Amino acid sequence: GYTLHFPQSGETFSGRADFIRFNSSYPASGRWQFEVHRLVTEGSTVVSDVSVTDSVVTARVVSFSTVKRGLITEQLEFWPEPFEVPEWRRSWSKRD
């Protein structure tokens with residue numbers, strides 16, 4: 001089976017059919033485009049850092065995936081919101 005967890009909202013989607021319905025029902029403004037920033041694997045665990053856009057909305061997602069027999073069986077996804085650099089640390093950092 002397949003399970004997707006969103007810890008920020010407390011949601012869990014069980015089964016590939018729910019995953020497909022969830023993704024195909026998303027109110028996208030266009031075709032999705034992805035940019036993989038980093039992909040790390042160790043054993044059956046894959047961690048990805050990806051930017052996603054539909055040409056209107058752009059987001060970043062960090063996913064922890066479990067792969068068994070060549071299939072993703074479980075994912076834990078974090079969709080962080082961008083934020084401004086706090087004033088107190090601005091003098092030590094650079095913006096990307």
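**Reading burial and strand pairing in a predicted model**

At 11% relative accessibility, Val-50 counts as buried, where buried means under 20% relative accessible area, exposed over 50% and partly exposed in between (1.4 Å probe, protein chains only).

User: On what basis are such values given?

Analyst: This is a predicted model, in which local features need pLDDT of at least 70 and side-chain atom pairs count only at pLDDT 80 or more, while totals for chains, interfaces and linings use all residues. Residues are numbered from 1 along each chain as its sequence is written, and side-chain values use heavy atoms, with hydrogens and water left out.

User: In which strand does Val-50 lie, and which residues does Val-50 touch?

Analyst: Helices (H or I, at least four residues) and strands (E, at least two) are DSSP runs, numbered from the N terminus. Val-50 lies in strand 4, residues 45-53. Contact means heavy atoms within 4.5 Å. Not counting residues up to four places away in sequence, Val-50 touches Phe-34, Glu-35, Val-36, His-37, Ala-59, Arg-60 and Val-61.

User: Is Thr-73 buried or exposed?

Analyst: Thr-73 counts as buried because its relative accessibility is 18%. Thr-73 belongs to strand 6 (residues 71-78). Its contacts, leaving aside neighbours within four places in sequence, are Gly-1, Tyr-2, Thr-3, Thr-66 and Lys-68.

User: With which strands does strand 1 pair, and in what sense?

Analyst: Two strands pair if DSSP finds at least two bridges between them. Strand 1 pairs with strand 2 (residues 11-14) in the antiparallel sense over four bridges, and with strand 6 in the parallel sense over three bridges. Leu-4 takes part in both pairings: Phe-13 stands opposite in strand 2, and Gln-75 is the bridge partner in strand 6. Strands 1 and 2 form a hairpin with four residues between them, and Gly-10 in the turn has a positive phi of about 80 degrees.

User: What is the overall order of elements, and what share of residues is buried?

Analyst: The protein has one helix and six strands, running β-β-α-β-β-β-β from the N terminus on. Buried residues make up 19% of the 96 residues. Along its principal axes, the C-alpha trace spans about 50 × 35 × 25 Å.
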